[in-house]
Amino acid sequence: MLMFLFLVVALAVVVAAVTLAVVGGGESTPLPEAAPERLSDPLPADRPVGGADVESLRFPLAPRGYRMAEVDDALGRLAAELAERDARIADLESALAGARGTGPGLDEPGPEEA
């Protein structure tokens with residue numbers, strides 16, 4: 001019976017200690033504030049992304065690796081800019097091909113085409 005009473009008192013002390021640790025007292029908060037989901041945009045917004053921007057791109061570490069939202073945003077931005085550049089290159093190549101075919105005397109291959 002004495003052992004049972006001792007266990008009940010010990011259990012009450014442990015529960016009280018855990019409650020005080022979680023709830024806390026005073027003005028200090030027991031749990032730290034959560035880190036913001038997005039720290040900063042690693043890619044420049046005022047100009048196109050360059051090779052140096054991609055090489056210097058580093059993501060902050062999260063408890064289990066990287067923050068998926070930041071990686072997804074960066075990859076989405078890079079994919080959009082690459083698609084835009086590919087479309088621009090295709091437009092310029094078709095314009096160049098059209099200019100070569102319509103100029104006077106350009107039916108013969110030039111020195112760089114031969």
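R77 and E81 lie 4 residues apart in helix α3, so about one helical turn separates them. A salt bridge joins R77 to E81, with the closest N and O atoms 2.9 Å apart; the term denotes a side-chain nitrogen of Lys or Arg within 4 Å of a carboxyl oxygen of Asp or Glu. This is a predicted model, in which local features need pLDDT of at least 70 and side-chain atom pairs count only at pLDDT 80 or more, while totals for chains, interfaces and linings use all residues. Residues are numbered from 1 along each chain as its sequence is written, and side-chain values use heavy atoms, with hydrogens and water left out.

**Salt bridges**

- By the rule given above, the count of salt bridges comes to 3.
- E81 also forms a salt bridge with R85, where the closest N and O atoms are 3.6 Å apart.
- E81 and R85 are 4 residues apart in helix α3, and therefore about one helical turn separates them.
- E81 is buried, because its relative accessible area is 15%; buried means under 20% relative accessible area, exposed over 50%, and partly exposed in between (1.4 Å probe, protein chains only).
- R77 counts as partly exposed because its relative accessibility is 22%, and R85 is partly exposed at 37%.
- The side chains of D53 and R47 meet in a further salt bridge, at 2.7 Å from N to O.
- D53 is buried, with a relative accessible area of 13%, whereas R47 counts as partly exposed at 41%.
- Side chains of opposite charge can pair when their charged atoms come close.

**Overall fold**

- The chain has 3 helices and 2 strands; helices (H or I, at least four residues) and strands (E, at least two) are DSSP runs, numbered from the N terminus.
- Along the sequence these elements follow the pattern α-α-β-β-α.
- Of the 114 residues of the chain, 11% count as buried.
- The accessible surface of the chain is about 9600 Å², and 66% of this surface belongs to carbon and sulfur atoms; such areas come from the Shrake-Rupley method with a 1.4 Å probe, and for residues only the protein chains shown count as cover.

**Nonpolar core**

- The largest nonpolar core has 5 residues, namely L43, V49, L57, A74 and L78; a nonpolar core is a set of buried Ala, Val, Leu, Ile, Met, Phe, Trp, Tyr and Cys residues joined through side-chain atoms within 4.5 Å.
- Apart from neighbours within four places in sequence, V49 is in contact (heavy atoms within 4.5 Å) with L43, V54, R77, L78, E81 and R85.
- In soluble globular proteins, nonpolar side chains tend to be buried together.

**Helix α1**

- Helix α1 covers residues 2-23, and its 22 residues should span 32 Å at 1.5 Å a residue; the end C-alpha atoms are 32 Å apart, which agrees.
- The expected span is 1.5 Å times one less than the number of residues in the helix.
- Helix α1 is hardly covered, for the count of buried residues in it is 0.
- L5 has its place in helix α1 and is exposed, because its relative accessible area is 52%.

**Residue V71**

- V71 is in helix α3, which runs over residues 68-102, and is partly exposed at a relative accessible area of 23%.
- V71 touches F59 and Y66, residues up to four places away in sequence not being counted.
- V71 and F59 are 12 residues apart in sequence and 7.5 Å apart in space, C-alpha to C-alpha.
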